[in-house]
Amino acid sequence: MRLAAAAVLTLVLVLPAQAAPAPRRAALKLESVAPLVVSGRNFGAREPVLLHYTAADGARTVVGVRAKRDGTFRATFALRLDRCAVFTVRAAGVRGTRAVLQVEPSCKRKGPPKRA
């Protein structure tokens with residue numbers, strides 16, 4: 001009888017731990033470059049978030065938003081970028097949620113013609 005009770009107790013304690021879904025990672029998505037619009041998901045409900053834009057040349061801009069109840073947001077920067085711009089956007093929520101978006105397009109750069 002004790003063996004059966006121990007087995008049931010073990011199953012009761014182990015199964016919920018295995019069935020619990022893994023926490024989702026916060027993520028950023030590039031929506032537009034003119035103007036620069038970034039959307040976020042899997043942040044905390046109504047979590048204030050600061051987004052830091054850094055260009056390849058070192059230029060920086062910060063925008064603050066508040067996530068919706070479902071943990072999503074849409075942030076618009078007062079920037080109009082070229083489609084070949086290289087930049088990084090880092091998002092940091094006040095509750096510790098973090099995400100990074102690195103944009104490095106594979107645009108062909110015009111250079112001097114090659115000599116034969």
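Modeller: There are one helix and seven strands in the protein; helices (H or I, at least four residues) and strands (E, at least two) are DSSP runs, numbered from the N terminus. Along the sequence the pattern reads α-β-β-β-β-β-β-β. What you see is a predicted model, in which local features need pLDDT of at least 70 and side-chain atom pairs count only at pLDDT 80 or more, while totals for chains, interfaces and linings use all residues. Residues are numbered from 1 along each chain as its sequence is written, and side-chain values use heavy atoms, with hydrogens and water left out.

Let's look closely at the open sheet. Four strands make it up, in the order β4-β3-β6-β7, with antiparallel pairing. Two strands pair if DSSP finds at least two bridges between them. β4 and β7 are the edge strands, each pairing on one side only. On average, neighbouring strands of this sheet are turned by 15° against each other, direction ignored; the axes behind that angle are lines fitted to C-alpha atoms (for helices over the stretch in contact), and angles run from 0 to 180 degrees between N-to-C directions.

Strand β3 (residues 48-55) runs antiparallel to strand β4 (residues 60-66), and seven bridges join them. Val49 has Val65 in β4 as its bridge partner. The two strands form a hairpin with four residues between them, and Gly58 in the turn has a positive phi of about 100°.

Thr88 is buried, with a relative accessible area of 14%; buried means under 20%, exposed over 50%, and partly exposed in between (1.4 Å probe, protein chains only). Apart from neighbours within four places in sequence, Thr88 is in contact (heavy atoms within 4.5 Å) with His52, Tyr53, Thr54, Val100, Leu101 and Gln102.

Now for the core. The largest nonpolar core holds 24 residues, and those with the most contacts inside it are Leu28, Phe43, Leu51, Tyr53, Phe73, Phe77 and Val89. Such a core is a set of buried Ala, Val, Leu, Ile, Met, Phe, Trp, Tyr and Cys residues joined through side-chain atoms within 4.5 Å. At least two of its residues come from each of β2 (36-41), β3, β4, β5, β6 and β7, and β3 gives the most, with four. Beyond its neighbours within four places in sequence, Leu28 touches, among others, Leu51, Val89 and Val100.

A disulfide (a pair of cysteine sulfur atoms within 2.5 Å) joins Cys84 to Cys107, S to S 2.1 Å. Cys84 sits in the loop between β5 (73-76) and β6 (87-93), and Cys107 in the segment after β7 (98-103), so the pair, 23 residues apart, links distant parts of the chain. The link is left-handed, with -95° about the S-S bond. Cys84 is buried at a relative accessible area of 12%, whereas Cys107 is partly exposed at 22%.
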